[in-house]
Amino acid sequence: MNDQEIAREIELRPIVDIATEKLAIPSDVIHSYGRTKAKISFDYVMSNRTPSRGKLVLVTAMSPTPAGEGKTTTTIGLTDALNLIGVNSSACLREPSLGPSFGMKGGAHGGGRAQVAPMEDINLHFTGDLHAVTSAHNLLASLVDNHLYWGNQLELEPDKVSWRRVVDLNDRALREINLRVRRRLRRDAGFDITAASEIMAVLCLAEDLSDLKRRLGNIVVGPSAKGELIKADDLEATSALGALLRDAMAPNLVQTLEHNPVFVHGGPFANIAHGCNSVLATRLALAHSDFVVTEAGFGADLGAEKFLNIKCRQSGLKPDAIVLVSTVRSLKMHGGVEVDDLEEDDVEAVRRGAPNLIRHIENIRKVGYEPVVVVNRFEADSEAEIEAALGVITGLGCVGVVGSQWRDGGSGGVDVAKAVVESVESAPSAPHWLYQNEDSLSAKIESVAREVYRADGVEYLNNTATELQRFESLGFGSLPVCIAKTQYSFSGDPKLLGAPTGHQLTVREVQLKAGAEFVVAICGNIMTMPGLPRRPAASDFTLDDNGQIGGLF
C-alpha cells in the first residue's frame with residue numbers, strides 16, 4: 001500500500017477529543033475546521049504560554065539527498081513512540097507549501113505508519129494560514145506602489161524598493177517582472193515564494209499580537225532619497241497587515257495516525273528562510289505536554305543552526321535533546337552511489353559517505369549537545385549496511401539507534417524514544433553559541449561558514465560587504481544571520497557531497513529583515529522563487545468522481 005492508502009485505512013478521531021483528552025485543552029476554545037482539524041483560540045494561547053512543563057526535542061538530519069531521509073517520519077514516529085512508553089507527548093511541525101506539493105518534493109508530513117492526517121487538507125489549503133501570509137505580503141506591496149502613484153510623499157526611491165511580491169507556488173517566470181506604476185514610472189520587481197516572505201518569519205517569531213504589530217511595522221520596504229529606511233509603519237500599513245494575520249496567529253491542531261496531537265503552524269523554508277514552526281505553537285505544546293518533538297528543515301547545517309541562532313535566541317527557548325536522522329541510502333549517496341543503484345548492497349559506500357554524518361555530529365557537539373543518532377531503516381537496507389552505519393555512530397561515542405517508524409509507526413521508534421528520554425539528563429543549560437550578538441554581521445556569517453560549513457572563507461560579491469556595514473550603521477548589527485544556501489551540500493555547490501573542505505562561501509546578496517529581526521545572506525545560486533522540474537508533481541495528481549485526491553505522495 002502507498003502512504004495515502006495506509007492513511008485512508010485509519011479512522012481519525014474528532015480533533016476536539018484529541019485536544020481535550022491528550023492536551024487537556026477545554027472544548028470551548030477549540031475552533032474546528034471540520035471534524036479532524038482545528039485552531040486553538042488565540043486568547044487561550046496567550047493565557048497558556050507559561051509555565052512550560054515540557055521537554056523540547058529537536059529532530060534534525062544529515063545533509064539531504066533525493067533518496068530522502070525521513071526526518072518528518074522520524075519526528076512523527078518518535079512522538080507516537082513516546083506516548084506508547086507512557087510519556088505524554090505532542091509534535092510541532094511546519095505547514096507545507098503548495099510549491100513543493102506541486103513541484104519536485106510532493107506532499108509532506110510523514111509516510112507509512114508515521115503520518116500526520118488529514119494529509120490532503122494539510123498539504124493543500126489547510127486552515128488558510130499561507131493564504132493569509134500571501135495576502136498580507138502583497139497588500140504591503142500594493143501599498144508601496146500606490147504610494148509611488150500618488151506622489152511619493154516619503155520620497156521612496158522607486159528603483160531601490162526591496163519589497164517584492166509573493167505567491168505560494170513554484171513559478172520561475174515571476175522571478176523578474178517590470179511594473180508600470182504610472183504612465184511615466186516603471187520599475188523592476190519580482191516574486192518570491194510565500195515561504196520566503198518576511199511576513200511568514202514574523203508570523204512564526206511573534207510572541208503575541210503586540211509583538212506581531214511591532215514587527216510588521218518595522219518591515220523595511222526600501223530607502224528614501226535621503227537614505228532613510230521607509231517602513232510599513234510609514235505607509236500606515238501595520239494594522240491592515242495585522243488584521244489579515246489575526247486568525248493565522250492561532251496554532252493549528254491535527255493528529256498522527258495513532259491519534260496523538262500535532263501542532264502544524266507556520267511554514268518558512270530552511271534553505272531560504274529560518275525553517276522552524278511558530279514560537280506560539282511550540283510554547284502552547286510545551287504547556288500541555290511532557291515532551292514536545294519538533295523538527296527544523298533540511299540538514300543540521302541549515303535547520304538546526306537557524307533553530308538555535310534565530311528561533312532560540314529570539315524566544316529564549318532551547319532544546320533539551322537533539323535527534324540526528326541518518327539513513328543507509330543517504331550515506332551511500334554521499335559515498336558516491338547513484339540514486340538508481342541505492343538498493344544494491346554496498347557496505348563500503350556506507351563507510352565512504354560517513355564523513356557527512358560525522359561532520360553533523362561534530363557540529364551538534366560544538367553547540368553543547370550529545371545527539372541521539374537514528375538510522376532510519378528503509379526496506380532495502382541490508383543488516384550489514386545497518387551495522388556499518390551503527391559502527392560509524394558508536395565509534396564516535398554517540399548513542400546510535402535503529403528506527404523503523406515508516407513500517408511500524410510508534411512501535412518502530414520505541415528504542416529511539418527511550419534513548420531520547422535518557423538524553424535529556426545531559427542537556428546543557430543553554431546552547432554554546434557559535435557567535436555573539438555583539439559580533440559584526442560579517443563575523444557572524446564567517447563563523448557559520450567556518451564552524452558549520454568548514455569553508456576556508458567568505459567571498460562577498462556585489463557590494464554585499466558594504467551593505468552589511470550599512471545595516472550596522474543603521475543599528476541592526478546585533479541581529480542574527482540567516483544564510484540562504486543549497487540544502488544538498490555543506491558548501492554552496494549542491495553537487496559537492498560528503499564533507500567538503502577548502503571551499504569558499506559566496507555571498508551574492510544580503511537583505512535586512514528588520515521585522516523578522518535577522519539579516520539574510522543569499523549564497524551561490526540559491527533562488528527565493530523555486531522553479532518546477534521537467535515533470536512536476538502536479539502531473540501525478542488525480543481527482544476521482546467522489547472527490548478523493550490522489551498523487552500527493
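Which residues have the most contacts inside the largest nonpolar core? I looked this up in a predicted model, where local features need pLDDT of at least 70, side-chain atom pairs count only at pLDDT 80 or more, and totals for chains, interfaces and linings use all residues. Residues are numbered from 1 along each chain as its sequence is written, and side-chain values use heavy atoms, with hydrogens and water left out.

**Entry 1: cores.** I found I25, I40, L140 and F263. Their core has 100 residues. A nonpolar core is a set of buried Ala, Val, Leu, Ile, Met, Phe, Trp, Tyr and Cys residues joined through side-chain atoms within 4.5 Å. Buried means under 20% relative accessible area, exposed over 50%, partly exposed in between (1.4 Å probe, protein chains only). Helix α7 (residues 129-149) gives this core its largest share, eight residues. Helices are DSSP runs (H or I, at least four residues), as are strands (E, at least two), numbered from the N terminus. Another core lies apart, with 26 residues, V481 and L505 among them.

**Entry 2: helix α10.** In α10 (residues 238-245) I saw that T238, L241, G242 and L245 are buried. They sit on the same side of α10, because their arc around the axis is only 100°. That arc is taken from the directions from the helix axis to the C-beta atoms. S239 and A243 are exposed, on the face turned away from the buried side.

**Entry 3: strand β20.** I checked β20 (residues 481-484) next. V481 and I483 point one way, C482 and A484 the other, and all are buried. Strand β22 (residues 518-523) runs parallel to β20, joined by four bridges. Strands pair if DSSP finds at least two bridges between them. C482 has V520 of β22 as its bridge partner.
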